[in-house]
Amino acid sequence: MFIKRIRPGNGDISENEVTPKGVYDQRRQIMKLGLGFGITAAVAGCDMMDGTDAEAAQVKGKLAYKPGPFSTHEKKTEYDAVTGYNNFYEFGTDKLDPAKYAASLNTRPWTVKIGGLCGKPQTIGIETLLKNALEERIYRLRCVEGWSMVIPWIGFPLASLIKQAEPNSKAKYVAFQTAEKPKEMRGLRSNVLDWPYVEGLRLDEALNPLAFLAVGLYGDLLPNQNGAPIRLVVPWKYGFKSIKSITDITFTERQPPTSWQRYGANEYGFYSNVNPNVDHPRWSQATERRIGEFRRRDTLMFNGYGDQVAGMYRNMDLKKFF
Amino acid sequence: MVKSNKKGFTLDIAFICLLCLLPLLWLIWRGYNGDLGVNPIETIVRQLGVWGLRLLIVGLAITPVARIFKQPRLIRWRRPIGLFAFAYILLHLTSYIAVDQYFDWAAIWKDIVKRPYITFGMIGFVLLIPLALTSFNAAIKAIGGRVWRNLHKLIYVIVPLGVLHYFLLAKADKTMPLIYGAILMVLLGWRLFEAAKRRR
């Protein structure tokens with residue numbers, strides 16, 4: 001499905017890098033020489049495919065966006081922390097691995113295939129997705145491991161994409177899938193999880209106004225380690241639900257499997273709503289460490305988004321459906 | 001006990017002590033330079049714990065190495081290595097209580113009784129205390145060599161508890177704890193093998 005490119009030893013360059021002018025010119029030079037096409041393609045991304053030779057906005061990664069709803073006024077976590085401390089097992093299980101190794105992921109070209117129980121199945125290129133009206137949502141992110149961040153995401157509501165595909169009346173769930181590119185994702189050599197990474201939401205959860213598809217953070221395109229080129233953000237759930245580098249979105253009638261549930265169904269449930277009263281079997285979820293802070297803070301029910309989401313779980317035993 | 005011609009704080013012991021101090025000095029240096037990463041508290045707690053475990057395992061490796069390579073002098077290294085292991089684990093526990101949990105005794109107690117990995121870690125630590133307290137010549141004299149030797153066999157329980165503690169807390173990637181476990185099995189297996197040989 002993807003056009004495979006031979007990319008000679010360029011694993012250390014990420015497309016989101018702010019490119020100094022000198023380096024940029026150098027790259028143009030390399031391109032003129034007809035070498036390292038892959039590097040330039042990975043770096044320059046879609047502006048090159050558009051045939052423009054200018055230092056387009058995409059290269060710098062600056063995005064045009066408006067402030068969106070539901071943003072918190074809490075202090076934002078430092079950019080370096082947001083982009084240097086990640087769980088993205090496709091690039092290794094250490095939280096420093098994604099920042100080290102995710103640059104090898106080629107995010108252009110990229111398509112998201114939407115299918116399953118819907119009226120308008122479609123495959124959308126990332127360039128088209130980037131043309132959506134973008135907004136900023138400053139959300140709390142609570143990792144199941146007990147740490148949290150505040151991240152200014154740039155993107156658009158998941159609901160808008162879902163409505164575009166017109167899910168039919170049989171559709172009850174939405175399944176998501178991450179790219180599976182063994183040559184570009186060194187973490188796939190390990191079988192710590194079943195690849196590709198999969199996640200799922202109930203359709204009403206996916207349509208909740210909080211559910212967001214991010215294409216950027218801190219005003220720039222998403223760095224690869226944060227799930228470029230497009231990722232889910234569901235801030236009332238533990239971080240692993242917010243699946244990264246999405247290639248497939250499928251409407252289903254049955255509850256889809258999720259990677260962490262497959263790993264250990266007693267430890268990771270389908271819902272995985274942030275809940276200080278339901279502990280992970282191996283550690284407490286009552287408190288969390290906000291990255292950058294010294295003292296632990298209390299974890300909030302639904303990560304503090306109860307007003308927006310509690311209604312969806314009104315008659316459910318959240319100890320059972322954790 | 002293995003007799004050696006020189007006793008006390010000899011040059012090789014001083015060197016071992018220095019080596020054992022290096023990880024701590026490195027950690028302090030990183031802290032001083034603000035180089036403990038995005039989650040410095042986690043880094044400190046984990047580094048102290050993992051070095052404690054490593055030294056415990058190194059301590060267990062001394063006897064087999066000394067026997068196999070016929071270097072009885074090495075046996076004297078066990079004490080500083082063991083005491084440093086205890087020191088790292090004490091600091092590991094202290095950092096968990098004072099920095100990670102910030103003396104939230106209710107949360108700490110809950111952790112100890114509810115979280116198997118903390119339960120096992122705590123049992124291991126408590127069992128280490130008598131070993132550390134009897135790692136002085138005067139103490140050995142007071143309790144007698146026989147009691148001392150039997151008491152210090154507790155280490156065969158303590159180190160597996162440490163590895164189990166590490167294994168259970170690892171979220172999904174169990175590679176490192178399994179490597180530690182494999183090394184531990186070899187070291188304990190060698191002892192069982194030797195004991196069986198002696199009985200024959």
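Which handedness, left-handed or right-handed, does the crossing of α5(B) and α8(B) have?

## Helix pair in chain B

In this predicted model, the crossing of α5(B) and α8(B) is left-handed, the near helix being turned anticlockwise from the far one by less than a right angle. The axes of helix α5 (residues 116-133) of chain B and helix α8 (residues 155-169) of chain B come within 8 Å and cross at roughly 155°, where axes are lines fitted to C-alpha atoms over the stretch in contact and angles run from 0 to 180 degrees between N-to-C directions. That angle makes α5(B) roughly antiparallel to α8(B), a label used for angles over 145 degrees.

Residues of α5(B) that meet α8(B), with contact meaning heavy atoms within 4.5 Å, include P116(B), F120(B), G124(B) and L131(B), while those on the α8(B) side include I155(B), L161(B), H165(B) and L169(B). The residues of this contact divide into 15 nonpolar, three polar and no charged, with Gly counted as polar and Ala, Val, Leu, Ile, Met, Phe, Trp, Tyr, Cys and Pro as nonpolar.

Of the 322 residues of chain A, 57% count as buried, meaning under 20% relative accessible area with a 1.4 Å probe and protein chains only.

## Basis

Local features need pLDDT of at least 70, and side-chain atom pairs count only at pLDDT 80 or more, whereas totals for chains, interfaces and linings use all residues. Residues are numbered from 1 along each chain as its sequence is written, chains are lettered from A in the order in which they are written, and side-chain values use heavy atoms, leaving out hydrogens and water.

Key: Helices (H or I, at least four residues) and strands (E, at least two) are DSSP runs, numbered from the N terminus. Angles under 35 degrees count as roughly parallel, over 145 as roughly antiparallel, 65 to 115 as roughly perpendicular and the rest as oblique. Buried means under 20% relative accessible area, exposed over 50%, partly exposed in between (1.4 Å probe, protein chains only).
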